[in-house]
Amino acid sequence: MPFSHHSHSGQFCAHALDTLEDVVKKAIWRKMQILALTEHMPREQQDLYPEEASIDGGYSDKVLLDTFRQYYDEARRLQQLYLTDINILIGMEIDWIRSSSRGFIENLLSEFSLELFIGSVHHVHCVPIDYSTLLFDEARRISGGSNERLFEDYFDLQYEMLMALKPPIVGHFDLIRLKSEDPDTGFAFMEGVQHKISRNLAFIASYGGILELNSAALRKGLKEPYPNAEISKVCQCYPIRG
């Protein structure tokens, strides 16, 4: 059964393409039966990406929240408009940046009636780790200067998010690989990282979470999707849905 539980549109996301309705139409053309609309949650002012902060007039947390409300209204319209063509689920991709993210995210989940949400980590030490090599290097410096320490910090932050929110879907589990020098090497020689990966997978299994298989890694030049084959083999030890 063709489906997608992770999508973005250029209408509401700076790094995507097409309007939200075009995304829906393309899913119908591809004969998908289920499409989850999951635009990024709005973020706080201190967490704007460089591309947002550099726009004339500047983005703001208010602009991002207003944009998300527009997305929600449009998603509901499309859900009804294409009711007989495709099962549209309305959700969002959350961004766990720091411990205080919990209250901000819970407020959003209370305000908007969502069918699902994706739990993701895009920052370590409040620094984006998938935006540029420069910012990845800064996060690594704060972690102590090695990929191993940074990877450990990433999976610890992910675990904090998992325990706090128990997201029904976990997004790009090993995104931390993306901007490293050799993203296809994996974690085979990092015992501490391997332990944290197994711990997180076991917790996802304990509450019935779904681990997405995300092919965006291939589009960005990696040889394997998220999660990579190494982690996928570990998943076989746990009753994780995916």
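Which residue of S2 stands opposite Ser4? Leu35 does.

This is a predicted model, where local features need pLDDT of at least 70, side-chain atom pairs count only at pLDDT 80 or more, and totals for chains, interfaces and linings use all residues. Residues are numbered from 1 along each chain as its sequence is written, and side-chain values use heavy atoms, with hydrogens and water left out.

**Strands**

Helices (H or I, at least four residues) and strands (E, at least two) are DSSP runs, numbered from the N terminus. Strands pair if DSSP finds at least two bridges between them. Strand S1 (residues 3-4) runs parallel to S2, joined by two bridges. S2 also pairs with strand S3 (residues 87-95), again in the parallel sense, over seven bridges. Leu35 has Ile88 as its bridge partner in S3. Strand S2 (residues 34-40) is largely enclosed by the rest of the structure, because six of its seven residues are buried. Buried means under 20% relative accessible area, exposed over 50%, and partly exposed in between (1.4 Å probe, protein chains only).

**Helices**

Helix H5 (residues 133-143) packs on helix H6 (residues 147-165) at about 90 degrees, with the axes 8 Å apart. Axes are lines fitted to C-alpha atoms, for helices over the stretch in contact, and angles run from 0 to 180 degrees between N-to-C directions. H5 is therefore roughly perpendicular to H6 (65 to 115 degrees; under 35 is roughly parallel, over 145 roughly antiparallel, the rest oblique). H5 contributes Phe136, Ala139, Arg140 and Ser143 to the contact; contact means heavy atoms within 4.5 Å. H6 contributes Asn147, Arg149, Leu150, Phe151 and Asp153.

Glu21 sits in helix H1 (residues 20-29). Its relative accessibility is 18%, so Glu21 counts as buried. Leaving aside residues up to four places away in sequence, Glu21 touches Glu74, Arg77, Leu78, Leu81 and Tyr82.

**Aromatic pairs**

The whole structure holds 11 aromatic pairs. Rings of Phe, Tyr and Trp (its six-membered ring) pair if their centres lie within 6.5 Å; planes under 30 degrees apart are stacked, over 60 edge-to-face, and the rest tilted. Two of the pairs are listed here.

| Pair | Centre to centre | Between planes | Class |
|---|---|---|---|
| Phe68 and Phe112 | 5.0 Å | 80 degrees | edge-to-face |
| Phe155 and Phe173 | 5.4 Å | 40 degrees | tilted |

Phe68 lies in helix H3 (residues 61-81), and Phe112 in the loop between helix H4 (101-111) and strand S4 (116-120), 44 residues apart. Phe68 is buried at 3% relative accessibility, and Phe112 is buried at 5%. Both Phe155 and Phe173 are buried. Ring pairs also link Phe12, Phe68, Tyr71, Tyr72 and Phe112 into a cluster.
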